Amino acid sequence: MMKTYSPKASEIKREWHVIDAKDEVLGKLSTRIATLLMGKHKAMFARNADVGDFVVVINAEKIKFTGKKGEQKMYYRHSGYPGGLKTISLDKLMETKPEQVIEHAVKGMLPRNLLNAKMMKRLRVFTGETHPYTLKKEKTAKTTAPAAN
Amino acid sequence: MPRVKRGVTTHHRHKKVLELTKGHRATRHTLVKRSKESMIKALSYSYAHRRERKGDMRKLWIVRIGAAARAQGVTYGEFMNNLKVTGVEINRKLLADMAVKEPAAFASLVATAKK
C-alpha cells in the first residue's frame with residue numbers, strides 16, 4: 001500500500017512573489033496572498049506543514065474598496081480596561097497605517113493555528129512602489145501575476 | 001476456600017486505565033476516576049477519527065490535484081471532468097502522488113485530457 005506524500009523540511013522551496021496592490025480590491029487581493037502564504041498553489045501542500053512562499057506587497061495605500069466600506073467598515077480593538085474599546089474606520093486607518101488593512105485581511109484568511117504567525121511573518125507589506133528586498137529578476141517577473149486563484 | 005483480597009484485582013484494573021491515559025492533562029492521568037473518563041473519551045475519539053481520516057486524505061488529494069492542475073491552467077473540476085470524458089480512470093490518490101513526484105507526467109496527463 002503506497003503512502004500519501006508528506007513534505008519534508010528539506011524539500012520545501014520558498015519563492016518570493018511581488019504583488020502590486022494598486023487598484024486591486026482588498027478581499028480579492030487578500031485571497032490571492034493567503035493562497036501563496038499557505039502554499040495552497042503547490043502540489044506538495046499539506047495542512048500540517050508550512051510550505052508557503054514569501055509575499056511582498058507594494059503600493060498598499062493605493063488599494064481599492066467597493067461600496068461604502070470607507071466610512072462603514074470599522075476596526076475594533078480592546079485594551080482590556082473598562083471602556084477600553086477603540087474603534088477606527090477604514091478611511092482613518094488607510095490614512096495612518098494602510099499596511100495594517102491588508103495584513104488584517106490576510107491574517108483572517110489564514111488558518112487559526114500555530115502556523116498562522118509563521119505565515120504572517122512571510123508577508124511584507126509596503127506603501128509606495130519600492131521594497132527593500134533584492135530579488136532575482138525572473139522570480140519577480142514570473143510571479144507578479146500569480147494564477148488568480 | 002482461600003481468602004480473596006479485592007485490592008489486587010482493583011489494582012490491576014486501575015493500572016490498565018492509568019497506562020492508557022499516560023500523558024493526559026492534570027488529574028486525567030493521575031486519578032483513576034478522572035482517568036477513566038478521559039480514557040473513554042480518548043478511545044472514542046480515536047475510533048471516530050480513524051474513520052474520518054479517509055475523508056481527510058481525500059480532501060488533501062483534491063487540494064493537491066487542484067493546485068497542480070491550476071499551474072497547468074485548468075481548474076480541478078474541469079480537469080476531473082476531462083479525465084472522465086477521455087476515459088482515464090486514475091484515482092485521486094495516484095493523481096495527487098503524480099502531481100508531487102512526477103510533475104512532467106501530470107502535465108502530459110492534463111494535456112491529453114484536454115483534447
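**Salt bridges and chain contacts**

Tutor: Lys8(A) and Glu11(A) form a salt bridge, with their closest N and O atoms 3.7 Å apart. Keep in mind that this is a predicted model.

Student: Is Glu11(A) buried or exposed, or partly exposed?

Tutor: Glu11(A) counts as partly exposed, because its relative accessibility is 30%; the cut-offs are under 20% for buried and over 50% for exposed.

Student: How many salt bridges are there over all chains?

Tutor: A search of the whole structure gives eight. Another one of them joins Arg122(A) to Asp50(A), where the closest N and O atoms are 2.3 Å apart.

Student: Where do Arg122(A) and Asp50(A) lie?

Tutor: Arg122(A) is in the loop between α5 (114-121) and β5 (123-125) of chain A, and Asp50(A) is in the loop between α1 and β2 of chain A, so the pair ties together parts that are 72 residues apart in sequence.

Student: And are those two buried or exposed?

Tutor: Arg122(A) counts as buried at 5% relative accessibility. Asp50(A) is buried too, with a relative accessible area of 10%.

Student: What about Asp53(A), where does that lie?

Tutor: Asp53(A) lies in the loop between α1 (26-38) and β2 (54-58) of chain A. Asp53(A) is buried, because its relative accessible area is 2%, which is under the 20% cut-off.

Student: Which side chain does Asp53(A) make a polar contact with?

Tutor: That of His17(A), in a polar contact of 2.6 Å.

Student: Which other residues is Asp53(A) in contact with?

Tutor: Leaving aside neighbours within four places in sequence, Asp53(A) is in contact with residues including Lys13(A), Arg14(A), Glu15(A), Leu36(A), Leu37(A), His41(A) and Lys42(A). Arg122(A), the salt-bridge partner of Asp50(A), is also among the contacts of Asp53(A).

Student: Switching to the backbone. Which phi does Asp23(A) have, positive or negative?

Tutor: Asp23(A) has a positive phi of about 60°, although it is not a glycine. Asp23(A) is found in the loop between β1 (16-20) and α1 of chain A.

Student: And what is the phi of Ala26(B)?

Tutor: Ala26(B) has a positive phi of about 50°, and it is not a glycine either. Its place is the loop between α1 (6-20) and α2 of chain B. With 48% relative accessibility, Ala26(B) counts as partly exposed.

Student: What is the radius of gyration of chain B, and what would a compact globule have?

Tutor: Chain B has a radius of gyration of 26 Å, whereas a compact globule of 115 residues would have one near 13 Å. Taken along the principal axes, the C-alpha atoms of chain B fill a box of roughly 85 × 35 × 20 Å.

Student: How much of chain B is buried?

Tutor: Buried residues make up 27% of the 115 residues in chain B. As for contacts in chain B with a separation of 6 or more, residues 24 or more positions apart account for 40% of them.

Student: Which residue forms a salt bridge with Arg34(B)?

Tutor: Glu37(B), with the closest N and O atoms 3.1 Å apart. Both residues lie in helix α2 of chain B, three residues apart, about one turn of the helix. Arg34(B) counts as partly exposed at 31% relative accessibility, and Glu37(B) counts as partly exposed at 37%.

Student: Now the interface. How many residues of chain B are in contact with chain A?

Tutor: 14 residues of chain B are in contact with 16 residues of chain A. The area buried between the two chains is about 1,200 Å², and carbon and sulfur atoms give 62% of that.

Student: How many salt bridges and polar contacts are there between chain B and chain A?

Tutor: The count of salt bridges between chain B and chain A is zero. For polar contacts, the rule finds five residue pairs across the interface, both residues at pLDDT 80 or more.

Student: Which elements give two or more residues to the side of chain B that touches chain A?

Tutor: α2 (32-71) and α4 (92-101) of chain B. α2(B) gives the most, with eight residues.

Definitions and conventions
Residues numbered from 1 in each chain as written. Chains lettered and ligands numbered in written order. Predicted model: local features only at pLDDT ≥ 70, side-chain atom pairs only at ≥ 80, totals over all residues. Heavy atoms only, no water. Contact = heavy atoms within 4.5 Å. Buried area = accessible area lost by both parts, 1.4 Å probe. Salt bridge = Lys/Arg side-chain N within 4 Å of Asp/Glu carboxyl O. Polar contact = N/O pair within 3.5 Å; in protein donor to acceptor, adjacent residues only side chain to side chain. Helix = DSSP H or I, 4+ residues; strand = E, 2+ residues; numbered from the N terminus. Rg over C-alpha atoms; globule rule 2.2 N^0.38 Å. Buried < 20%, exposed > 50% of the residue type's maximum accessible area, 1.4 Å probe, protein only.
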